[in-house]
Amino acid sequence: MLAHRVPYIWKKMPFVRIVIPFLIGILLQWYLKIEPTLSVPLLVISVFISLIISLLHINIGYTLRWVQGAAINISIIALAMLLTYGKDSRNHADWVGHHYKDSGAVIISLLEPPVTKPKSFKADASIQFVQSNGAWQQVQGELIVYLQKDSAAPPLDYGSKILFIKPLQPIKNSGNPGAFDYARFNLFKGITHQVYLKTGEYKILPASTSSDVTRLLIDIRQYVIGVLQTYITGPEESGVAEALLIGYRNDLDKDLVQAYSNTGVVHIIAISGMHLAMIYGILAILLKWIKPTLRNRILKAVVILSVLWIFALVAGGAASIVRSAVMFTGIVLGDLLNKKGSIYNTLAAAAFVMLCNNPFVLWDVGFQLSFTAVLSIVVFMQPIYKLVFVKNKLMDSLWQLSAVTLSAQVLTSPLIFYYFHQFPLLFMVSNFVAVPLSTIILTLELILIAVSPIAFVAQYAGQACSLFIWLMNTFIRKVDQVPYALYDNVQVNLLQAWLIFLVTTALGCWLLRKWKVGLPIAGLLILTLVAVNKLESYSLVNSSKVVIYNIPQHHAIDFIYARSNQFVGDAIVASEPMLQNFHLKPARINFGIQSSELLPVLSFKHPFIHFNEKKLLVIDKPQKFVSAKKIKVDVIVLANNPKIYISNLHKTFDCDQYVFDASNPQWKINLWKKDCDSLHLRHHSTPDKGAFVMEL
């Protein structure tokens, strides 16, 4: 029976059939870098074959239907390849990287109002003109501009034009093992360069470039932020209010964000489809009184879609909320036309629309988590909910909320393990309280914006909103402080994440969907996962290495033996959680570190460090070395800007490798590099090449 239903179900989900080859095309283009000279003929030929078969006699066409199906799939793959190629700004003839010279002037236009950072003002900008060979060349490309922070913010806004003569710096990764790929993250947004401008290094031009629609959205956003900051008391409360309503995260307290992440409710302050669903529900209730005539139904659809899309755009167009907006658009149009489609088809349609607009959104963690969570809820929510029967309506509603939370975790857990290397064990408790509170808060915020022209009414709404946000923040902090609330330091690579995902899916289908084959498949996958883990553990236990990190203005070395490490470096790096989480933790997870302790194979005899039969010389202050003959060392590390010359070191030491870490100024590193080149010495600069890793 099921075998007969599969073709029917498959036909009812055309976008599912389209999005699969589309994904294949995106991945092929990104990893194989296929030129249009191959993908364009592939597209033309496959479309031509499909059309020819369509024009043949029905009997011949039916016989060749598999050929036509293959041709259609190939054409979709080729189309995805072309869209991905075109979205990469580096492939455009007028990309700034093809025309810019370091000595030339540059004109940029701000794409947003500058945001205040601890040490600077920051904004994304489009590069409009560069000076090349004495002439102005119109180019395209985007960059991040940092402006020196003086006593007052510069008179800049969205659309402001700036002229400067200062080298653009390509955006680079830190190069630390396991670190976030910041360069790729920005490339996928079209941003490839950055520049830091001090006061007096740039000139604001009188002309400006702006879009009326973008200007309107920014004005709405600024107005909302102004209202929230005026009427919601407390910096933490207003920061959460801004993030909850419009996804503005610049005013969020970092420790509070970490607490939300640790307790499994960070989706509340990361604008998501949940927020749009709430607004859709409110609009549906408010417009329920309208008589269901055709004209009124069209008007209702226009109003709902306008509000949803304006909110999505004002909220910054995050992947999760755009996904939700596209899905609700399909639902609203389906209701208007009295047609209800498959939720899987609607979900695939939303993914297809977003990927056509920007194929690189496929790598966005928010995109992956958003679609996976919705798919997980659709597949597993009802089976989980039916496991327990509750008579009481209030308790039944609470159990339904719990079932949604549980079902969302089924397929998102492998992604959480892989990307965040942790899992909140008390996510049920946190969501049980935080989701209803956030619903109340969001409703109060919408009321606050609506009544903001009436100051005394807005004040009461702001006070109520502040109270509920304070309650939610306090609750989250308390949960975060519970012992063993977080399963941390989860070491999962991409292969292991996929195996966990498949095991979870198979077990879920066996338990909740009564799929009998699910259990043996899950058992086989578990055995594979165990084997992979054993091989991984064996390779890590039998390895040792030295890692000299690239941490701006800091000196940091990890000595790794088996699955333990010992840290040597600046005290601030060892004690500052933000520095550890951003720079050290990803590398330690990458290398499978399970504990930090004093290593038996590591010994100190200042300034020398002996590690597993290797000798390192760490020079972090001016020193004089006198020796009758050259001293053999394996690595010389220069840190904290010591006043020392490479030529003097070379006279005293027989060294295989010099390393300059990021605690030294770049100008000093450049001098040392020149000296090493003249003496034919191997050298490694962590600011230029990333972390130095020596396998032993």
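Biologist: Where does Pro607 lie?
Modeller: Pro607 is in the loop between strand S16 (602–605) and strand S17 (608–611). Strands (E, at least two residues) and helices (H or I, at least four) are DSSP runs, numbered from the N terminus.

Biologist: And is the peptide bond from His606 to Pro607 cis or trans?
Modeller: That bond is cis, with omega near 5 degrees.

Biologist: Before we go on, what kind of model is this?
Modeller: This is a predicted model, in which local features need pLDDT of at least 70 and side-chain atom pairs count only at pLDDT 80 or more, while totals for chains, interfaces and linings use all residues. Residues are numbered from 1 along each chain as its sequence is written, and side-chain values use heavy atoms, with hydrogens and water left out.

Biologist: Back to S16. What is the strand order of the open sheet with S16 in it?
Modeller: The order is S16-S17-S18-S19-S20-S21, six strands with mixed pairing. Two strands pair if DSSP finds at least two bridges between them. S16 and S21 are the edge strands, each pairing on one side only. On average, neighbouring strands of this sheet are turned by 25 degrees against each other, direction ignored. Axes here are lines fitted to C-alpha atoms, for helices over the stretch in contact, and angles run from 0 to 180 degrees between N-to-C directions.

Biologist: How many bridges join S18 to S19?
Modeller: Four bridges join S18 (residues 614–619) to S19 (residues 631–638), and the two strands run parallel. Leu616 stands opposite Val635 in S19.

Biologist: What about the open sheet of five strands?
Modeller: Its order is S15-S14-S13-S12-S22, again with mixed pairing. S15 (595–596) and S22 are at the edges with a single partner strand each, so one side of each has no neighbour in the sheet.

Biologist: Which residues are on the covered face of S22?
Modeller: In S22 (residues 692–695), Phe692 and Met694 form the covered face, and Val693 and Glu695 the uncovered one. S22 runs antiparallel to S12 (residues 544–548), with four bridges between them. Val546 stands opposite Met694.

Biologist: How many bridges join S12 to S13?
Modeller: Five bridges join S12 to S13 (residues 556–561), and these strands run antiparallel. Ser544 has Tyr561 in S13 as its bridge partner.

Biologist: Changing topic: what is the phi of Tyr484?
Modeller: Tyr484 has a positive phi of about 60 degrees, although it is not a glycine. Tyr484 sits in the loop between helix H18 (455–480) and strand S11 (486–487).

Biologist: Does Tyr484 count as buried or exposed?
Modeller: Tyr484 counts as exposed, at 75% relative accessibility. Buried means under 20% relative accessible area, exposed over 50%, and partly exposed in between (1.4 Å probe, protein chains only).

Biologist: And His680, what is its phi?
Modeller: The phi of His680 is near 60 degrees, positive in a residue other than glycine. His680 lies in the loop between helix H24 (666–678) and strand S21 (683–685), and is exposed at 74% relative accessible area.

Biologist: Now helices. Where does the kink in H15 lie?
Modeller: The kink, about 40 degrees, is at Val379, shortly before the proline Pro383. A bend is the angle between axes fitted to the seven residues ending at a residue and the seven starting there.

Biologist: Last one: what does Thr405 touch?
Modeller: Thr405 touches Phe427, Met428 and Asn431, leaving out residues up to four places away in sequence. Contact means heavy atoms within 4.5 Å. Thr405 lies in helix H16 (residues 393–420) and is buried, with 11% relative accessible area.
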